[in-house]
Amino acid sequence: MAVEVRIRIEHASPVEFATPLLVLQHFERDVRPGGLAAEVDERLGGAITRLLARGDFHGKKDETALLYPQEGQIGAERVLLVGVGKREDYVVERLRRAVGTAVRAAEKIGVSHLALSTGHVDRLSEHMGAYYAGRAAIEAAVLAAWDFTELKTQENDPLAHVQVEEVVLLAADEAEAEEFGRAGRIGQIAARAENLARELQTLPGNIATPSYLAKVAGEIGAAHGMTVTVLDRADMEREGMKALLAVAQGSLQEPRFIAMEYHGGATGEAPLVLVGKGITFDSGGISIKPAEHMEDMKFDMSGGAGVIAAMRAIAELGLKANVVGLVPTTENLPSGTAVKPGDVIGSLLGKTIEVVNTDAEGRLILADALTYAQRYHPKAIIDAATLTGACVIALGHQAIGLMGNDGELIDEVRAAGQRVGERCWPLPLWDEYREQIDSEIADLKNSGGRPAGTITAGWFLKEFTGEVPWAHLDIAGMAYRSEALPYLRSGATGVPTRLFIEWVRSRAG
Ligand code: BES
Ligand code: MN
Ligand code: ZN
């Protein structure tokens with residue numbers, strides 16, 4: 001297990017605070033450091049101003065410069081300037097990037113402790129108060145420090161890399177310290193949960209099997225007083241989860257249906273339900289995928305990982321709501337027993353499905369999970385799934401595709417995502433799209449072809465949601481990334497763990 005970074009909030013002056021590395025943000029084009037950084041500059045005899053005047057550092061996004069104060073000038077041994085781009089472009093995401101950049105710079109120079117002053121910057125921004133600035137900074141620090149080294153027995157890098165152990169957030173005054181404190185609790189819990197999701201995502205298909213996910217869910221449930229029910233193949237047969245079983249029938253690996261029930265609200269109060277796709281490896285089945293990048297399909301359980309991780313955070317935060325997390329989980333493999341293109345299968349709801357493409361398996365397992373969710377008579381359901389390649393084409397790696405049957409819920413989810421930096425963009429589920437999944441011989445077919453592939457997948461799910469307000473997150477472009485962000489290494493991102501937590505928090509009041 002990776003060591004988690006420690007976060008501390010201090011009401012202290014960046015001039016006096018003793019730290020191996022003091023981090024200050026700087027706006028592009030500012031010829032002098034602003035706010036509290038001006039005081040640091042003064043004590044350094046104008047070293048920052050000189051650096052800017054020489055044109056060695058411009059404050060461009062993610063740019064850095066390192067200064068070495070003389071003995072006794074300030075409390076810090078080193079000062080790291082981090083560029084945050086132009087003042088008018090400063091949004092919370094810039095702060096996340098700056099924190100990530102600082103963590104990477106610290107790793108590079110071999111410093112494990114750093115202190116960050118945000119006060120002078122966020123007060124200039126209309127986009128964020130101290131609370132969300134604090135949360136963004138704290139979450140970015142916890143996410144940036146995370147690494148996955150569990151499966152390496154040898155260090156590739158001869159200069160064994162230093163891990164950042166502590167990040168101190170310097171508050172400018174008491175009020176800010178209080179806001180940072182509030183932000184610190186939720187920020188740490190949420191980002192650590194996101195790191196758990198990243199770990200589950202990163203573990204390969206031969207380790208993170210359906211039963212492994214069920215084991216992790218069971219341990220979390222036991223530690224936090226949840227009721228966790230795990231169905232195996234025989235249980236699913238008894239239940240009639242025919243769509244989930246159809247996907248699982250090609251694999252020797254045992255499928256699982258995981259239900260985690262957290263009782264934080266009043267007894268009898270209708271729960272919120274989170275559903276996550278848990279395909280631990282998606283080969284495509286008989287409609288097999290090309291070999292290139294097929295290994296990335298170990299990430300096809302990202303929605304499920306997000307649900308399991310968010311459930312842990314929701315319990316740790318003691319949110320006052322009843323919340324159920326559902327994860328249908330199986331492999332999707334080709335074999336002599338696998339479901340074939342053209343097969344017609346049943347489902348827990350009873351609708352018949354023509355499987356025209358065995359690679360459209362996510363919607364099949366989610367269909368049964370969405371039907372199962374109805375048993376709880378929930379207030380609302382949100383599902384998350386790496387569901388369609390089409391979503392990556394539509395939105396790239398910048399937004400989650402958001403669909404649903406309830407405008408208010410969609411707005412809520414979108415706002416929650418915006419607050420935590422997991423942005424969603426809506427796509428329409430107009431009636432006209434429904435025809436694409438009409439089947440000649442069954443109630444519907446599991447693929448609507450290439451046009452609007454994300455929307456027709458959403459429409460397929462909608463057929464199984466009943467009257468309950470429901471939102472669907474297509475996270476195919478967001479669950480993992482080949483290029484790193486300053487605060488996220490390449491690979492698993494943990495999306496949408498923080499969105500889930502933030503949405504439940506907003507509902508729990
Ligand atoms: N897991 C994939 C979707 C996916 C693709 C996620 C790329 C992340 C990156 C899903 O099961 C799938 O294969 N979908 C098909 C649907 C099609 C057959 C209708 C797709 O997108 O090609
Ligand atoms: Mn697939
Ligand atoms: Zn899939």
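1. Let me start with helix H10, which spans residues 302-317 and includes glycine 304. In this predicted model, glycine 304 has 0% relative accessibility, so it counts as buried.

2. The buried set consists of Gly453, Thr454, Ile455, Thr456, Ala457, Gly458, Trp459, Phe460 and Leu461.

3. Now to the ligand site. Ligand 1 takes up the space of the largest pocket. Around ligand 1 there are 16 residues, and Lys289, Asp300, Asp359, Glu361 and Gly389 are the closest. Sorted by class, this shell holds 7 charged, 5 polar and 4 nonpolar residues.

4. The polar contacts of ligand 1 deserve a careful look on your screen. On the side-chain part, lysine 289 places a polar atom 2.8 Å from an oxygen atom of ligand 1, and an N or O atom in the side chain of aspartate 282 is 2.9 Å from an oxygen atom of the ligand. From the backbone, threonine 386 has a polar atom 3.2 Å from a nitrogen atom of ligand 1. As for cover, ligand 1 exposes 510 Å² when taken alone, and the protein buries 81% of that area.

Technical notes: Residues are numbered from 1 along each chain as its sequence is written. Chains are lettered from A and ligands numbered from 1 in the order in which they are written. This is a predicted model: local features need pLDDT of at least 70, side-chain atom pairs count only at pLDDT 80 or more; totals for chains, interfaces and linings use all residues. Side-chain values use heavy atoms; hydrogens and water are left out. A residue is near a molecule or strand if one of its heavy atoms lies within 4 Å of it. A polar contact is a pair of N or O atoms within 3.5 Å; within protein, one must be able to donate a hydrogen and the other to accept it, and residues adjacent in sequence count only if both atoms are side-chain atoms. Accessible areas come from the Shrake-Rupley method with a 1.4 Å probe; for residues, only the protein chains shown count as cover. On a 1 Å grid over the protein atoms alone, a cavity is a set of points where a 1.4 Å probe fits but cannot get out, and a pocket is an open set with protein on both sides within 12 Å along at least five of seven lines; lining residues have an atom within 4 Å of a point. A molecule sits in a cavity or pocket if more than half of its atoms lie within 2 Å of its grid points. Ala, Val, Leu, Ile, Met, Phe, Trp, Tyr, Cys and Pro count as nonpolar, Asp, Glu, Lys and Arg as charged, and the others, Gly among them, as polar. Buried means under 20% relative accessible area, exposed over 50%, partly exposed in between (1.4 Å probe, protein chains only). Helices (H or I, at least four residues) and strands (E, at least two) are DSSP runs, numbered from the N terminus.
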